[in-house]
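Here is a short briefing on one protein structure. Look at the sequence and the model first, then read the points below.

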Amino acid sequence: MAEQQPSRLQIYSTSSTGVSPFWREKYEREAKKYWDVFYKRHQDRFFKDRHYLDKEWGHYFSGAGRKVILEVGCGAGNTIFPLVATYPDIFVHACDFSPRAVDLVKTHKDFTENRVSAFVCDLTVDDLSEHISPSSVDIITMIFVLSAVSPEKMPLVLQNIRKVIKPNGYVLFRDYATGDLAQERFSCKDQKISENFYVRGDGTRAFYFSDEFLTSLFKENGFDVEELGFCCKQVENRSREIVMNRRWLQAVFHFSDGLKSSYTESAIKFDLCQGNVEPISSSRNSDQLCRSEENSAKELANDFEVDMSEGMAFEMFGISHSSDEIIEVDAGNWNFKIKVLSKEYQHTCKSTGLMLWESARLMASVLAQNPTVVAGKRVLELGCGCGGICSMVSARSADFVVATDGDAKALDMLAENVASNLQKPFLDKLITKRLEWGNRDHIEAIKELNDEGFEVIIGTDVTYIPEAILPLFATAKKIWKPALILCHVLRRVDEPSILSAASKFGFRLVDKWPTSIPTSSSQSIISSWFLEKSSEECIPTTALNIMYFHSE
C-alpha cells in the first residue's frame, strides 16, 4: 500500500473567534436559568446594599407626596431595602426575571407588602403594565441590569418601562462602561458574543456601554439625558497584590412623553475619574445650578462607592482561581488528584482537553489492573488532555511513556498534574509533549525521543471529531508499527467510519469490547482485562467501547 502523507489538523482553535452561534443562542435562550443559578450560589452576597443612593440621587426621591419607584432587575433587593429604610413614604415595585431573586426579596427581613411589590417579569417579553398601572411610576432605577440584556433587545426594555413611567418621570441608571478591566479580560478569553457584549464563566452576560451608545439608545426610545458621567474606582486585593480598575457609566434620563418639561434640554456631563465637569451644552442659563452640580460631582469623585463586595468582584471577573477544580480518581490501587476546568466554566472553553472523560477513567483502571498490557514497553498516549491518568498509570510498569496533546493549555495543566501525582522513579519515565496530528515537525520530535519507536499507543475519546479520524491514524502510522488501543463513546463518528480510516493506514482491528471479535482462541484479548469482578465495577458507563488494532 502506498504510504499516505498525514494532513495537518488543528483540532483546537488558536484564534479569538468569540462565542459560537450555538452558544450565543443557548445563552440567550437560557439566560433566566443562568441568573437563577447565580442567585442560588451567591444569594444576597454579591452586590453591596446601595446606601449611596440617597447621597447621589436623594433629591429625586424626596419631596412632597408619596413617590412610586420601580426597581428593574431587583436582584436580591440591594437597592430596594436601603430606599425603603431611608424614605418612609415611598412605595417600590420590584421585578426580576429570576424567580430565585424575587424569592430572596420576598424573604428579606425588611420586606412588607404595604411598601414593596415584588414579581417575576422578563421585560423583553412580558408586558409590564399587567403588573403596574400605566403612567404611575415616578422613578425607575436601572442599576447593573441593562447590561445583562442582549443589545438588540434593549429597546424592548425601554419601550416596556415607558408604559408605566409618568410624564416627567426619571430613570436613574448605573452600569458597566467600556474600558473596564473585566471587559479587557474577557476579550482575551474567547468570551465575546458581539461588540462590547461578553459571557462570564458562569453563563451570565455583560454589556459594556459607551456614552454615545447609551445616549443614543435612550434618546431613540423617548428619554432625554439629564446627567451622564463616567465613574472610575480602583478595587485592590492586597493579599493577592491585584488592583482592578473598574469603570461605570452613571446617568439620569428624563421622560417627557412629548410634553413641555419644566427642565431645559441640557445635561451635565461629568468624569468621576478626575473629578472634572464638562457641560454637554450651554443652553442652561442658571450659573448657580451648574455650580451646584459641579460641587456635587466633585464630592462623588472623592467618595465613590463600589457596588460589589470585593471578594465577589475578583471571583466574577476571572482573577481568582475558582475556574479550576480538583477531582479524585481511583484507578485500581492508585489514587490521583487531578486539576481540571470546573464544570461551571467548561461551556466557555473550546478545548475538550481541560476536562476528564469517562473513557480515560476506564482505560486507567484497566491498565492499573492489567499492568502486563504496557509492562516493559514504550507507550505513547495521543490526546491525553490535562489529566494524563492513563500515562501516569502506564509509567508504573512501562519502560518509557510520552503523554501528548495538541492544546497548549491542556499540556500546561498536564505538567502540573504529573508533577503533583508522580514520584521518582516513575516521574522520570514520563515525558509530556505537544503533538498536533499530522504536524510533521511534532511527529519527528516525538520519534527523536525514542529511536526504537513505540509498541503501544493509547487514545481515549480521541474519535469525537469526524475530521480528526484520518490524521489520527496517519500520525499513529508514522510512529513505527504499534498496537493501537482506542477507548471511547461513539458520538459523531460511528464504528464503520473508524474502521475505514484505520484500513487506509494499515491498521487491522483484532478485537473490540464489549462485543468481541470471534477468533479461534478461547478468549479475546480485551475480555481478559475484565476477568476480575473489580474490573467490571470500574466501568463508568455502558456506552463505552474499546477497539484494539494492530499495524500491518
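This is a predicted model: local features need pLDDT of at least 70, side-chain atom pairs count only at pLDDT 80 or more; totals for chains, interfaces and linings use all residues.

A disulfide is a pair of cysteine sulfur atoms within 2.5 Å. By that rule, the structure holds zero disulfides.

**Cysteines**

- A disulfide is a covalent bond between the sulfur atoms of two cysteines.
- Cys121 takes part in no disulfide, as the nearest cysteine sulfur belongs to Cys95 and lies 5.2 Å away.
- The relative accessible area of Cys121 is 2%, so Cys121 is buried, the cut-off being under 20%.
- Cys231 is also in no disulfide; for this residue the nearest cysteine sulfur is that of Cys232, 7.4 Å away.
- Cys231 is buried, with a relative accessible area of 0%.

**The open sheet**

- Seven strands form an open sheet in the order E17-E16-E15-E18-E19-E21-E20, and their pairing is mixed.
- Strands E17 (430-434) and E20 (507-513) stand at the edges; each has a single partner strand, so one side of each is left without a neighbour in the sheet.
- From one strand to the next, the twist averages 20°.
- Strand E16 (residues 400-405) runs parallel to E17, and five bridges join the two.
- Within this pair, Val401 has Leu430 in E17 as its bridge partner.

- How many residues of strand E19 (residues 483-489) are buried? Seven of its seven residues are, which leaves the strand mostly covered.
- Both faces of E19 are covered: one side carries the buried residues Ala483, Ile485, Cys487 and Val489, while the other carries Leu484, Leu486 and His488, also buried.
- E19 pairs with strand E18 (residues 456-460) in the parallel sense, over five bridges.
- One of the partners in this pairing is Ala483 of E19, which is bridged to Val456.
- Between E18 and E19 the chain passes through helix H15 (residues 469-478), and this β-α-β crossover is right-handed.
- E19 also pairs with strand E21 (residues 544-551), here in the antiparallel sense and over seven bridges.
- In that pairing, Leu484 stands opposite Phe549 of E21.

**Helix H11**

- Helix H11 covers residues 358-369, which is 12 residues.
- At 1.5 Å a residue, H11 should span 16 Å; its end C-alpha atoms are 17 Å apart, which agrees.
- Nine of the 12 residues of H11 are buried, so the helix is largely enclosed by the rest of the structure.
- The buried residues are Ser359, Ala360, Leu362, Met363, Ala364, Ser365, Val366, Leu367 and Ala368.
- An α-helix has 3.6 residues a turn, so residues three or four places apart point the same way.

**Asn221**

- Asn221 is found in the loop between helix H8 (211-219) and strand E9 (223-237).
- Apart from neighbours within four places in sequence, Asn221 is in contact with Pro155, Leu158, Gln159 and Arg162.

Note on methods: Residues are numbered from 1 along each chain as its sequence is written. Side-chain values use heavy atoms; hydrogens and water are left out. Helices (H or I, at least four residues) and strands (E, at least two) are DSSP runs, numbered from the N terminus. The expected span of a helix is 1.5 Å times one less than its number of residues. Buried means under 20% relative accessible area, exposed over 50%, partly exposed in between (1.4 Å probe, protein chains only). Contact means heavy atoms within 4.5 Å. Two strands pair if DSSP finds at least two bridges between them. A crossover is right-handed if, with the strands pointing away from the viewer, the path from the first strand over the helix to the second runs clockwise. Axes are lines fitted to C-alpha atoms, for helices over the stretch in contact, and angles run from 0 to 180 degrees between N-to-C directions.
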